Amino acid sequence: MPLAVSLIAPSSYTAPEAIDAGIHGLEALGAEVHYDEPLQTPKRYLAGSREHRLAQLHAAFDAPETQAVWAVRGGYGAAQLVDGIDWSRLARSNKPLIGYSDVTVLLDHGHRHGVPAIHGPVAKAAVGVLEGEADKRDIVRRQFEETLALIQGPTPLDYPL
């Protein structure tokens with residue numbers, strides 16, 4: 001059974017082509033990618049209103065068919081969500097949240113509330129599995145394969161660390 005992940009866009013807006021390319025990269029590694037439509041509802045430079053981004057985040061953690069929640073990108077906006085997140089709801093899912101950059105604020109707060117946190121590549125970077133110079137593709141592939149292996153692991157992730 002392939003690993004299924006939920007994508008979220010908690011921060012800045014991302015060009016749809018970049019998201020699609022990242023999804024193709026994750027799929028090339030065997031991941032099954034899910035997200036609620038619309039993934040983004042652009043509001044100024046953000047991927048959506050605070051309410052949209054919060055609803056998307058909660059829905060991703062509630063989705064029974066996925067094993068992890070992966071941020072499309074970092075960027076300004078993630079910190080706006082911190083005080084609106086139902087951390088106990090997220091912790092009950094035992095799904096890790098994956099990302100870096102400004103998503104780190106969510107990783108930190110989540111970890112403090114029992115939500116597994118993986119400071120790892122953002123989903124849109126998975127395009128590097130398919131595009132670019134061979135040596136760089138190999139590095140990106142290894143980063144994503146290691147992250148996917150961490151999620152799957154021989155046993156479920158057991159947090160807190």
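Two strands count as paired if DSSP finds at least two bridges between them, and strands themselves are DSSP runs (E, at least two residues), just as helices are runs of H or I with at least four, all numbered from the N terminus. By that rule β3 (residues 68-71) and β4 (residues 97-99) pair in the parallel sense over two bridges, with V69 standing opposite L97 in β4.

Before going further, a word on the source: this is a predicted model, where local features need pLDDT of at least 70, side-chain atom pairs count only at pLDDT 80 or more, and totals for chains, interfaces and linings use all residues. Residues are numbered from 1 along each chain as its sequence is written, and side-chain values use heavy atoms, leaving out hydrogens and water.

Now zoom out to the sheet. It's open, with five strands in the order β2-β1-β3-β4-β5 and parallel pairing. β2 (32-34) and β5 (117-119) sit at the edges with a single partner strand each, so one side of each has no neighbour in the sheet. The twist averages 30° from one strand to the next (axes are lines fitted to C-alpha atoms, for helices over the stretch in contact, and angles run from 0 to 180 degrees between N-to-C directions).

Helix α2 (residues 50-62) packs on this sheet, touching β1 (4-8), β3 and β4, and its direction makes about 175° with that of β1; contact here means heavy atoms within 4.5 Å. Helix α5 (residues 134-152) packs on the sheet too, touching β3, β4 and β5, at about 150° to the direction of β3.

What about the inside? The largest nonpolar core has 24 residues, and L7, L26, W70, F144, L148 and I151 touch the most other members. Such a core is a set of buried Ala, Val, Leu, Ile, Met, Phe, Trp, Tyr and Cys residues joined through side-chain atoms within 4.5 Å, with buried meaning under 20% relative accessible area, exposed over 50% and partly exposed in between (1.4 Å probe, protein chains only). α5 gives the most to this core, with four residues.

Which aromatic pairs turn up? A search of the whole structure finds two, where rings of Phe, Tyr and Trp (its six-membered ring) pair if their centres lie within 6.5 Å, and planes under 30 degrees apart count as stacked, over 60 as edge-to-face and the rest as tilted. Y45 and Y76 make a tilted pair, 6.0 Å centre to centre with 50° between the planes. Y45 is partly exposed at 37% relative accessible area, and Y76 is partly exposed at 47%. The rings of W70 and F144 have centres 5.6 Å apart and planes at 20°, so that pair is stacked. W70 is in strand β3 and F144 in helix α5, 74 residues apart. W70 counts as buried at 0%, and F144 is buried at 1%.
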